[in-house]
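Please read the numbered points with the model in view.

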Amino acid sequence: MRPDRETIRQVRSLVAVALVASAEALCQERQAAPAALEDARPQRRIVVSIPDRKLALIEDGRVVKVYPTAVGRPASPTPNGTFTIVQRISNPAWYGPGKVVAPGKNNPLGTRWLGLSRKSYGIHGTNEPRSIGRNASHGCVRMRNRDVEDLFARVAVGDVVELRGERDAELAQIFGENDSPVGAMSAGGGQ
């Protein structure tokens with residue numbers, strides 16, 4: 001026997017009421033969560049020094065790790081600004097004009113992709129490890145696969161990423177005085 005329209009309407013109404021009640025309860029639980037639990041999560045940010053071609057992971061104001069990178073070449077520079085991580089993808093596919101490269105050793109994105117809140121830009125691995133330390137990408141921050149895998153395991157969606165194009169006192173403190181490589185400009189391929 002098939003239910004009539006009135007029975008279906010009543011069931012839908014009950015389901016809607018239950019969903020609203022569940023959502024309200026979840027919101028109340030989140031609001032009631034102790035502030036100490038939220039404060040227990042480290043304040044984490046990534047700082048990329050474009051002129052140094054280095055990336056630092058900073059937690060609670062202290063440098064946890066520094067990694068070498070490749071950044072954008074002059075024709076396709078890495079943008080300056082403060083962004084957030086909006087995607088985390090293991091073994092990404094690369095999509096180019098009329099071409100798709102599946103995950104694997106030939107993939108320009110390497111083994112990990114951390115997509116930024118600026119569309120089409122991210123932090124990723126590489127299939128060209130010789131490019132690290134150079135201005136060689138199309139604007140993304142490129143890392144050795146083992147380094148991006150380590151970073152990937154330490155960060156989350158929502159973490160802040162600062163892409164900094166000018167040396168200042170903070171960058172000097174993080175990456176060292178006059179530590180900017182000179183003459184390491186190159187026109188490598190990849191992303």
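1. The largest nonpolar core of this predicted model comprises 20 residues, and those touching the most other members are Ile46, Leu55, Ile123, Leu151 and Leu163. At least two residues of this core come from each of β1, β2 (54-59), β5, β8 (112-116), α3 (145-154) and β12 (160-164). The greatest contribution is that of α3, with 3 residues.

2. Setting aside residues up to four places away in sequence, Ile123 touches Ile46, Leu55, Val148 and Leu151, among others. Its partners also include Arg112, Trp113 and Leu114.

3. In soluble globular proteins, nonpolar side chains tend to be buried together.

4. Ser49 belongs to strand β1, which spans residues 44-49. Ser49 counts as buried because its relative accessibility is 0%. Beyond neighbours within four places in sequence, Ser49 contacts Lys54, Arg164, Arg167, Leu171 and Phe175.

5. The largest pocket has a volume of about 230 Å³. Its lining consists of 10 residues, with Ala93, Trp94, Tyr95, Leu109 and Trp113 nearest the centre. Two or more lining residues come from each of β5 (81-90) and β6 (94-96). By class, the lining has 7 nonpolar and 3 polar residues, and no charged ones.

6. On confidence, the average pLDDT is 83, and 72% of the residues score at least 70. Over residues 179-190 the pLDDT is below 50, although this stretch has 31 contacts in the model beyond near neighbours in sequence. Where pLDDT is low, the predicted coordinates should not be read in detail.

How values were computed:
Residues are numbered from 1 along each chain as its sequence is written. This is a predicted model: local features need pLDDT of at least 70, side-chain atom pairs count only at pLDDT 80 or more; totals for chains, interfaces and linings use all residues. Side-chain values use heavy atoms; hydrogens and water are left out. pLDDT is the predictor's confidence in each residue, from 0 to 100. Contact means heavy atoms within 4.5 Å. Helices (H or I, at least four residues) and strands (E, at least two) are DSSP runs, numbered from the N terminus. Buried means under 20% relative accessible area, exposed over 50%, partly exposed in between (1.4 Å probe, protein chains only). On a 1 Å grid over the protein atoms alone, a cavity is a set of points where a 1.4 Å probe fits but cannot get out, and a pocket is an open set with protein on both sides within 12 Å along at least five of seven lines; lining residues have an atom within 4 Å of a point. Grid points are joined across faces, edges and corners, and a volume is the space filled by probe spheres set on the points. Ala, Val, Leu, Ile, Met, Phe, Trp, Tyr, Cys and Pro count as nonpolar, Asp, Glu, Lys and Arg as charged, and the others, Gly among them, as polar. A nonpolar core is a set of buried Ala, Val, Leu, Ile, Met, Phe, Trp, Tyr and Cys residues joined through side-chain atoms within 4.5 Å.
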